[in-house]
Amino acid sequence: MSFLDKLLLWLHIGFAIFAIGPLTAATMFTPRYIRARDAGVLRYLHRSTRIFGVLTLGVFLFGLALAGANISKPYLSVSMTLFIVAAVLLVIIDRDQSTAVRVLSNETPEDDAKVQTGRIATLAAVMALIWLVILVLMVWFNP
């Protein structure tokens, strides 16, 4: 393995640890603070989701660069497809977080963002499972 490959692997793993972990935590904590009607913390979680969501693209880009000529291997194709599905789920979560912040900030008592709570909880759990499946594919099938 060349120095460049080692560097790309370190960057890929580093971005995975320091971007996907906090992203998953921010999305998983969101329903708790919607139920608590804490708009301040919810704004922070929404901002964190956006920042770490953008940083998560580094995982994909460094992984793509690291794959190189092996891009046609099935485990890489499945992993990239799952990553794109997780990114789409993240866009939906971001939209729901934004809606929940707006609803909880307007002080209307009958609007409590319950719809966003359930959807964010479900999509965040599915997204976390997708990250785990990708991890298994990378460790199990990578030669």
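1. Helices here are DSSP runs of H or I covering at least four residues, numbered from the N terminus. The model is predicted. Just past the end of helix H3, Glu 107 adopts a positive phi of about 60 degrees.

2. On the geometry of H3: the helix contains 32 residues. From its first C-alpha to its last it reaches 46 Å, close to the 46 Å expected at 1.5 Å a residue.

3. The largest nonpolar core holds 21 residues. Those touching the most other members are Ile 34, Leu 42, Ile 93, Met 127 and Trp 131. At least two residues of this core come from each of helix H1 (3-35), helix H2 (39-67), helix H3 (74-105) and helix H4 (114-141). The most is given by H3, which supplies eight residues.

4. Met 127 deserves a separate entry. Not counting residues up to four places away in sequence, Met 127 touches Leu 23, Thr 27, Ala 86, Leu 89, Leu 90 and Ile 93. Ile 93 is also listed with Met 127 among the core residues that touch the most other members.

5. Asp 96 is a residue of helix H3. Is Asp 96 buried or exposed? Its relative accessibility is 2%, and the cut-off for buried is under 20%, so Asp 96 counts as buried.

6. Which residues surround Asp 96, leaving aside its neighbours within four places in sequence? Asp 96 is in contact with Gln 116, Arg 119 and Ile 120. For Ile 120, which lies 24 residues from Asp 96 along the chain, the separation between the two C-alpha atoms is 6.9 Å.

Terms used: Residues numbered from 1 in each chain as written. Predicted model: local features only at pLDDT ≥ 70, side-chain atom pairs only at ≥ 80, totals over all residues. Heavy atoms only, no water. Core = buried A, V, L, I, M, F, W, Y, C linked by side-chain atoms within 4.5 Å. Buried < 20%, exposed > 50% of the residue type's maximum accessible area, 1.4 Å probe, protein only. Contact = heavy atoms within 4.5 Å. Expected span 1.5 Å × (residues − 1).
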